[in-house]
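Welcome! Please have a look at the sequence and the model below, and then we will walk through a few of the features together.

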Amino acid sequence: MELFPQEKREEDDHSQIRRMGLVVAQDSKVVGLHCSGAELHAGQAAVIQHGARMAGCQLYFSRRPCATCLKMIINAGVSQISFWPGDPEVSMLRSTSTNHSNAQSHSPPDCITEEAALDAVVTGKLKSNSRPHICVLLQPLAPGLAQFVDETSRECEFMERVNDDEPGLNTVELFNRERKRHLNDFSRQFLVGMSEEHREILTQMGLENFCVEPYFSNLRHHMRELVEVLAAVATAVPLRHHGFYRERCSAAEPPLAKSSLPPRLEGVSQEVARHCIIQARLLAYRTEDPKLGVGAVIWARGPSAGCDGTGCLCLVGCGYNAYPAGSHYAEYPQMDNKQEDRQRRKYRYIVHAEQNALTFRTRDIKPGEPTMLFVTKCPCDECIPLIRGAGITDIYTTDQDRDKDKGDISYLRFSSLKDISKFIWQRSLSVCSASPPHFANGYVGKHDRQTEQENHSNKKLCVNKSQDSPSIS
């Protein structure tokens, strides 16, 4: 959430306030996603939205919150506050501009500023006298998890679509290059560069126990691993030539001029859509499905932009595919459609990501309210009636399994879904060579995509597709 795209980036090099992200959870379910904005800190935005409902919640910050936020959060009665052990919200690092003279003399910069030192004293006292548990919740990843995330990200449906659309592209090289770039960016954002700087920051935050070897080395190693996981997940939705583009209902539907589109049909920016899909992909790794993880996030658009980092967007709900709440491991069948005995298959027991996101939503969906579902896989026939009935107005997804019937689960209803705008992950229209009748004003015809799928039903053979195919060229 700290990385949530903002329309106006008012970044002040002289400001000591760092952007911050926040996840609010209750009973292991996400009930709020927030980030700092032009006027409100992430903690303040959460208090405004949830108020007394925050009692008993667990809060996860991407930095230690400042005293202004902490006193309000403690007063709301939360049960636990966890934060990332890096540079806090009131930064303890001087900006490069204020250290220019020190840099010229090659003397080590004084990284603890007066305001940050005062804030550290206040937050320390608030922490020691508060009832909520305030801590750093950072544990080593499960063995093999980082490798699993990396491998599945390389082969996810978004990367697969890129490979289908550009058969000559070396997607392995693309993934490795983009992953390295993301890793460098996220490391600068979330890891304090020098070990000594990090030690001093931890000491000032009252975390001296982390500064002792081997705890300090382990801490930085765990932080690095989590940043690597985030980089791999973000890389799987590449920035190259793809994005989410609205699909018109039929090939015969006349294109609309962009200026005539109602606000809800214009969708969100590519940056926001991509960020929300990355959120959904992160959720997908919490799945209990042994074969495939699916994540879903639902956001609603308010009438006007607020002062927090999400602007006019408000979280409705999020979820991932899992067995019914409270069930134990192996309590239900886990076999897929390769198992001959249909009674022992998982499909009748798994609760889908879209279903969980709607069931455990944080707020009601108002009639006519622009509400966007971001899901990592094309919605199946079981979920389509729920999506329509809930009042979802926009769907952002990939359509790799579209129009397929797999027996226990099918994806036939998605193409006939009306009155809901579908934004499909596909190649950017600016680099397409399709003729004008097929593409206009950011639309792609459903009929053209269906024809392509009929001719190339096996998506593993898409490397033989013609470069003249209107849905990919």
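## A covered helix

In helix α6, the buried residues are Glu-157, Phe-158, Met-159, Glu-160, Arg-161, Val-162, Asp-164 and Asp-165. Buried here means under 20% relative accessible area, with exposed over 50% and partly exposed in between, using a 1.4 Å probe and protein chains only. Helix α6 spans residues 157-165 and is mostly covered, with eight of its nine residues buried. Helices (H or I, at least four residues) and strands (E, at least two) are DSSP runs, numbered from the N terminus.

A word on the background: this is a predicted model, in which local features need pLDDT of at least 70 and side-chain atom pairs count only at pLDDT 80 or more, while totals for chains, interfaces and linings use all residues. Residues are numbered from 1 along each chain as its sequence is written, and side-chain values use heavy atoms, leaving out hydrogens and water.

## Gln-58 and its strands

Let us move to strand β3 (residues 58-61), where Gln-58 lies. Gln-58 is buried, at a relative accessible area of 18%. Its side chain reaches the backbone oxygen of Gly-56 at 3.1 Å. Setting aside neighbours within four places in sequence, Gln-58 is in contact (heavy atoms within 4.5 Å) with residues including Val-23, Asp-27, Ser-79 and Gln-80.

Strands β3 and β4 pair in the parallel sense over four bridges; two strands pair if DSSP finds at least two bridges between them. Across this pairing, Gln-58 stands opposite Gln-80 in β4.

## The nonpolar cores

Which residues touch the most other members of the largest nonpolar core? They are Leu-59, Trp-299 and Phe-374, in a core of 85 residues. A nonpolar core is a set of buried Ala, Val, Leu, Ile, Met, Phe, Trp, Tyr and Cys residues joined through side-chain atoms within 4.5 Å. Helix α9 (residues 215-235) gives the most to this core, with nine residues. Apart from this core lies another, of 25 residues, among them Val-316, Tyr-347, Phe-414 and Ile-424.

Terms used:
Polar contact = N/O pair within 3.5 Å; in protein donor to acceptor, adjacent residues only side chain to side chain.
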